Amino acid sequence: MTGPRLEIDLEAIAHNTRVLVDRLTPVGIRVTGVGKSSLGSPTVAAAMLRGGAHGIGDSRFENLRRLYDSGCTAPLTLIRSPLLSQVEQVVRYAGTSLNTEPVVLDALSAAAEAQHTTHDVVIMVELGDLREGVAVSDALALARSVSRRAGLRLAGLGTNLACQCGVVPDEQNMAVLSRLAEEVEQHCGPITTVSGGNSANLAWALSGADTGRVNDLRLGEAIMLGTEPLQRTPIEGLRQDTVTLHAEIIELQDKPAQPWGAIGQTAFGDQPPRPGTGTVRQAILGLGRQDVDPDGLTPPAGATILGTSSDHLVLDVSDLGLAVGEELAFGLNYSALVRAMTSPFVTTLDR
C-alpha cells in the first residue's frame with residue numbers, strides 16, 4: 001500500500017476495551033466506546049464491542065450513519081449537541097443524543113414524531129470546563145421539559161471535563177452530578193444514564209472513590225491509544241501500539257544541520273531552532289501538516305524531527321541506515337491521530 005497510512009491493530013483495541021470494562025464494571029460503570037478518531041470505522045467499533053463496550057459514541061452523525069449502514073446493532077449515541085440543521089439525521093442514526101438547548105429539543109421532538117420513533121435525550125451539565133452544558137441550577141427544569149415533548153424520552157444526565165480547559169474530574173464535581181441525578185429522579189422518575197465524562201475520568205473512577213450515580217464513561221483516547229488525557233501518560237495494562245503511522249522517504253541527503261541566510265517566518269510561522277551542528281543525514285518524508293499534527297508524532301529510535309511544511313516531514317536519521325523508498329513508523333498522540341484519520345491523503349489499514 002503506497003502513501004502515508006495508518007495501521008490499526010484491532011486486537012489491541014479489543015484488549016484495551018476489555019481491560020477497561022473489567023476494571024470499571026466492579027464500580028458500576030459501563031463503557032461507551034468513542035469511535036470518532038477512527039471516522040466511525042465499523043471494524044474499530046466491532047473491536048470495541050468485542051471488548052465489552054456497551055455501545056458506541058461519536059460526535060458526527062455521518063460516522064454514526066456509517067456504523068448504522070454497516071449493520072451495527074449496538075446503541076449509538078451522538079456525543080456532541082445536535083446541529084439544528086441535522087436533527088432528522090440524528091434521530092435516524094442515533095438512538096441517543098447529548099443536549100443543552102430547548103430549541104434543539106423542539107426540533108428533535110418534531111423529527112422523532114415525523115419518523116414515528118422515540119429519541120433518548122441526555123441533558124449535559126456544566127461543571128467547570130466551559131464547554132457544553134447547562135448550569136446546575138437550570139438542569140432540572142430542562143430535564144423536566146423533555147417529557148413534555150412528544151417523541152423524546154429523558155435517558156439521563158451527563159457532563160464533560162478536561163477537553164476544553166483541562167478541569168480535572170474529581171470527587172467534588174462528580175458528586176455534584178450524582179446529587180443532581182438524584183434530584184432529577186425525584187421529579188422525573190428513573191433515569192438510565194449518568195455519563196460522567198471521558199478518558200480523563202479514569203483516575204477518579206478507579207481511585208476507590210465513591211462513584212455515586214455515575215454509570216457510564218465515554219472512552220476514546222484510553223481505548224485507541226492506551227493513554228490518559230490529563231498528563232498523556234500510558235495506562236498500566238493497556239497497549240500503546242494500537243495505531244502506527246507509516247510514511248515513505250522521498251529524499252535522503254547529507255546536509256548542514258543549520259540553515260544559512262537571513263531568517264524570516266516559515267510557511268507556518270515561527271519554528272523552533274533546529275538542533276545540531278555540522279552535517280546530518282537528512283531524510284524528507286512524504287507527510288506534512290495537511291496530513292497530521294507533527295507535534296503529536298513520536299519518531300522511531302534514532303530519528304529526530306527537524307521540521308515540517310505542508311507536505312514534508314524532515315528528520316535527522318544519521319544513526320539509521322536507510323534508503324529512498326523505505327518507510328518509517330511513528331507513534332501518535334490523540335491530536336495526531338485525529339488529523340491523520342481525517343486527511344484524504346492518509347489511508348487506513350486494519351490488521
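There are two aromatic pairs here, counting rings of Phe, Tyr and Trp (its six-membered ring) whose centres lie within 6.5 Å. Planes under 30 degrees apart count as stacked, over 60 as edge-to-face, the rest as tilted.

Take Phe61 and Tyr93. They are stacked, at 6.4 Å centre to centre, with 15° between the planes. Phe61 lies in helix α3 (residues 61–69) and Tyr93 in helix α4, so this pair ties together parts 32 residues apart in sequence. Helices here are DSSP runs of H or I, at least four residues; strands are runs of E, at least two; both are numbered from the N terminus.

Now Tyr68 and Tyr93. Their centres are 5.2 Å apart and their planes sit at 80°, so that pair is edge-to-face. Phe61, Tyr68 and Tyr93 form one aromatic cluster.

Buried or partly exposed: which is Tyr68? Partly exposed, at 43% relative accessibility. Tyr93 is buried, at 14%. Buried means under 20% relative accessible area, exposed over 50%, partly exposed in between (1.4 Å probe, protein chains only).

A word on the source. This is a predicted model: local features need pLDDT of at least 70, side-chain atom pairs need 80 or more, and totals for chains, interfaces and linings use all residues. Numbering starts from 1 along each chain as its sequence is written, and side-chain values use heavy atoms, leaving out hydrogens and water.

On to helix α5, residues 102–114. Its buried residues include Val104, Leu105 and Leu108. Just after α5, His116 takes a positive phi of about 55°.
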